[in-house]
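Hi there,

Here is the structure I promised to pass on to you. Have a look at it first, and then read on for my notes on what turned up.

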Amino acid sequence: MPISAPDTLLRVADLHAGYGKIGILHGVELTIGRGEIVALVGPNGAGKTTLLRGISGLIRAQAGAILFEGTDLRGLGPSHIVRRGLCHVIEGHRIFTQLSVHDNILLAGYGLPRSELAVRVEEALAVFPEIAERRHERGASLSGGQQQMLAVAQGLVRRPHLLMLDEPSAGLSPVLVDRVFEAAARLRQAGGSVLLVEQLIDKALPVADRVCAMVRGAMVLDRPTGSPGLSDEIAAAYFS
């Protein structure tokens, strides 16, 4: 099935999903262009994390379409979706605590050509000097903020066409939050796209091209970040 525009990387259309008999997403619509950062905001429980899980194959969509580079991802497992160039950094910096920093990133690159893997690992580590200097230490020895950086580096090692970050600022100091957002901006400069779920709106908007807001499982706002009156529209979405 072809996508609707040549510069569209991801198109989510009329997506319904949830957990068991509990419906969370109710006809969600979302597009992300190539080389674009989209900030996804909304109150707790709005369905943002469920949307990311549906896109990345962690939960099964009940209806609708998830078109990525022209292919409908519905029915594909997470490993197949990752190999297509879509990486999801899950909330809560999920890493292998008993493996070294280096081996965590090496494992995230599983399946990549051996000739490229070492270069990719060093490339990902270079984005976060704080963990690069601890490459031989176990993940368990890292602070919460350093584990979050490691989780993002695991996504970057695959040079994804689309990187989805779920609450990457959680537990980070302001300096480390900036470092993660700089990594997102760097990925965009290299031609990649980012879908950023973030509660720190004042941090997310400066790096994003568009902002979308979800409320009660539906998309209620989609605007360029330079739109007049955007702050008021976002505030209205939170309290609608």
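Before the first sheet, one definition: two strands count as paired if DSSP finds at least two bridges between them. Please also keep in mind that this is a predicted model.

**The six-stranded sheet**

With that rule, 6 strands make up an open sheet with mixed pairing, in the order β6-β7-β8-β3-β9-β10. β6 (86–89) and β10 (218–224) are at the edges; each has a single partner strand, so one side of each is left without a neighbour in the sheet. From one strand to the next, the twist averages 15°.

Now to the pairs inside this sheet. Strand β3 (residues 37–41) and strand β9 (residues 210–215) run parallel and are joined by 4 bridges. Here V41 stands opposite A213 in β9. β3 also pairs with β8, again in the parallel sense and over 4 bridges, and in that pairing A39 faces L196 of β8. β7 and β8 run parallel too, with 5 bridges between them; D166 stands opposite V197 in β8.

How many residues of β8 are buried? The count is 5 of its 5 residues. In a regular strand, side chains alternate between the two faces of the sheet.

Helix α7 (residues 174–189) lies across β3, β7 and β8, and runs at about 155° to β8. Helix α1 (residues 48–56) lies across β3, β6, β7 (162–166), β8 (193–197), β9 and β10, at about 145° to β7.

**L52, a residue of α1**

Which residues does L52 touch, once those up to four places away in sequence are set aside? They are L40, H88, M164, L165, D166, L195 and V197. L52 is found in helix α1. Its relative accessibility is 0%, and since buried means under 20%, L52 counts as buried. L52 and L195 are 143 residues apart along the chain, yet their C-alpha atoms are separated by 8.8 Å.

**The four-stranded sheet**

There is also an open sheet of 4 strands, with antiparallel pairing and the order β2-β1-β4-β5. Its edge strands are β2 (22–33) and β5 (71–72), each of which pairs on one side only. α1 packs on this sheet as well, touching β1, β2 and β4, and its direction makes about 115° with that of β1.

Strand β1 (residues 8–19) is joined to strand β4 (residues 61–68) by 6 bridges, and the two run antiparallel. H16 has A63 as its bridge partner in β4, and A17 stands opposite A61 in β4.

The bridge partner of L67 in β5 is D72. β4 and β5 form a hairpin with 2 residues between them, and E69 in the turn has a positive phi of about 50°.

**The α3 and α6 contact**

Two packed helices are described by the angle between their axes and the distance between the axes. For α3 and helix α6 (residues 144–156), the angle is about 35° and the axes are 8 Å apart. The crossing of α3 and α6 is right-handed. In this contact V101, N104, I105 and A108 of α3 meet L150, A153 and Q154 of α6. Sorted by type, the residues of the contact are 5 nonpolar, 2 polar and no charged.

Is N104, one of these residues, buried or exposed? N104 is buried, with a relative accessible area of 0%. N104 lies in helix α3 (residues 101–108), and its side chain makes a polar contact of 3.2 Å with the side chain of Q154. Apart from its neighbours within four places in sequence, N104 is in contact with I95, F96, L99, L150 and Q154.

Conventions. Residues are numbered from 1 along each chain as its sequence is written. This is a predicted model: local features need pLDDT of at least 70, side-chain atom pairs count only at pLDDT 80 or more; totals for chains, interfaces and linings use all residues. Side-chain values use heavy atoms; hydrogens and water are left out. Axes are lines fitted to C-alpha atoms, for helices over the stretch in contact, and angles run from 0 to 180 degrees between N-to-C directions. Contact means heavy atoms within 4.5 Å. Buried means under 20% relative accessible area, exposed over 50%, partly exposed in between (1.4 Å probe, protein chains only). A polar contact is a pair of N or O atoms within 3.5 Å; within protein, one must be able to donate a hydrogen and the other to accept it, and residues adjacent in sequence count only if both atoms are side-chain atoms. A crossing is left-handed if the near helix is turned anticlockwise from the far one by less than a right angle, and right-handed if clockwise. Ala, Val, Leu, Ile, Met, Phe, Trp, Tyr, Cys and Pro count as nonpolar, Asp, Glu, Lys and Arg as charged, and the others, Gly among them, as polar.
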